[in-house]
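Subject: A structure for you to look at

Hi,

Here is the structure I said I would pass on. Have it open while you read, and click along as we go.

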Amino acid sequence: MTEHKVTVLDIQSTKEGILIKCEMNWDDLADPFPAPLAPGNLYVNENNRASVAELHRLVARSGRNVTFERFDLYDQKCPVVGETYFYQGWWMPEFMDAVMDEAATWELRDYPENGDHDHLLFSYDTIAAYADITRGYFNTDYGWATIPDWEAYIRDDIYRLRQYRAENAIPFR
């Protein structure tokens with residue numbers, strides 16, 4: 001996944017989290033962006049992968065200015081207004097599609113003992129009858145997800161993406 005420079009313009013606290021407004025400093029900022037802008041992370045720099053702030057949900061975008069929301073109120077890490085950091089998104093479009101598809105049905109099952117394998121949604125780890133991960137949730141359109149990933153992203157919607165779409169009806173890219 002591509003890394004880009006981001007300058008923090010403003011930070012605001014809300015009752016549910018922190019809003020982080022940034023300017024995206026890159027030339028290939030397409031509209032819509034080809035991958036979800038959030039969830040993601042701000043890092044110190046390209047050589048220092050220390051996390052400055054997790055970015056859980058995109059709440060606004062106007063040109064190069066974007067506003068992210070972070071929900072983890074226990075994580076006290078916060079970027080500094082005026083500083084430039086490196087941004088990296090975590091998800092591919094198919095991850096977001098799976099989370100946003102409320103009509104999708106998922107079935108908990110064991111991977112078949114057929115000598116084959118698949119790669120898991122969200123992690124790309126291997127699932128197979130012979131692998132460390134042998135059981136997960138399966139959907140015909142999106143493939144396999146680990147039980148913890150399915151519970152967090154699909155069932156519990158920890159980044160509140162479906163809730164936000166229902167309330168605001170804006171795109172995520």
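Which residue in β7 does Y43 stand opposite? The residue facing Y43 there is F86. Before you go further, keep in mind that this is a predicted model.

Let's stay with the strands for a moment. Strand β3 covers residues 40-45, and β3 and β7 pair in the antiparallel sense, with 4 bridges between them.

The charged end of R49 sits over the ring of Y43, at 4.0 Å from the ring centre.

Now for the aromatic rings. The structure holds 14 aromatic pairs. Take W91 and F95: their ring centres are 6.3 Å apart and their planes meet at 80°, and an angle over 60 degrees counts as edge-to-face, so that is what we call this pair. W91 is buried, with a relative accessible area of 5%, and F95 is buried too, at 1%.

W91 also forms an aromatic pair with F122, and this one is tilted, with 5.4 Å from centre to centre and 50° between the planes. Where do W91 and F122 lie? W91 is in the loop between β7 and α1 (93-100), while F122 is in the loop between β9 (118-119) and β10 (126-127), so the pair ties together parts that are 31 residues apart in sequence. Both W91 and F122 are buried.

Ring pairs link W90, W91, F95, F122, Y124, Y153 and Y159 into a cluster.

One last stop: R162, which you will find in helix α3 (residues 161-168). Is R162 buried or exposed? R162 is buried, yet it has no salt bridge. The nearest side chain of opposite charge belongs to D157, 4.1 Å away, and a salt bridge needs the atoms within 4 Å, so D157 does not count as a partner. What does the side chain of R162 reach at 2.6 Å? That would be the backbone oxygen of I154.

Have a look around, and send me your questions.

Cheers

Terms used:
Residues are numbered from 1 along each chain as its sequence is written. This is a predicted model: local features need pLDDT of at least 70, side-chain atom pairs count only at pLDDT 80 or more; totals for chains, interfaces and linings use all residues. Side-chain values use heavy atoms; hydrogens and water are left out. Two strands pair if DSSP finds at least two bridges between them. Helices (H or I, at least four residues) and strands (E, at least two) are DSSP runs, numbered from the N terminus. Rings of Phe, Tyr and Trp (its six-membered ring) pair if their centres lie within 6.5 Å; planes under 30 degrees apart count as stacked, over 60 as edge-to-face and the rest as tilted. Buried means under 20% relative accessible area, exposed over 50%, partly exposed in between (1.4 Å probe, protein chains only). A charge sits over a ring if NZ of Lys or CZ of Arg is within 6 Å of the ring centre and within 35 degrees of the ring normal. Lys and Arg count as positive and Asp and Glu as negative; His and the chain ends are not counted. A polar contact is a pair of N or O atoms within 3.5 Å; within protein, one must be able to donate a hydrogen and the other to accept it, and residues adjacent in sequence count only if both atoms are side-chain atoms.
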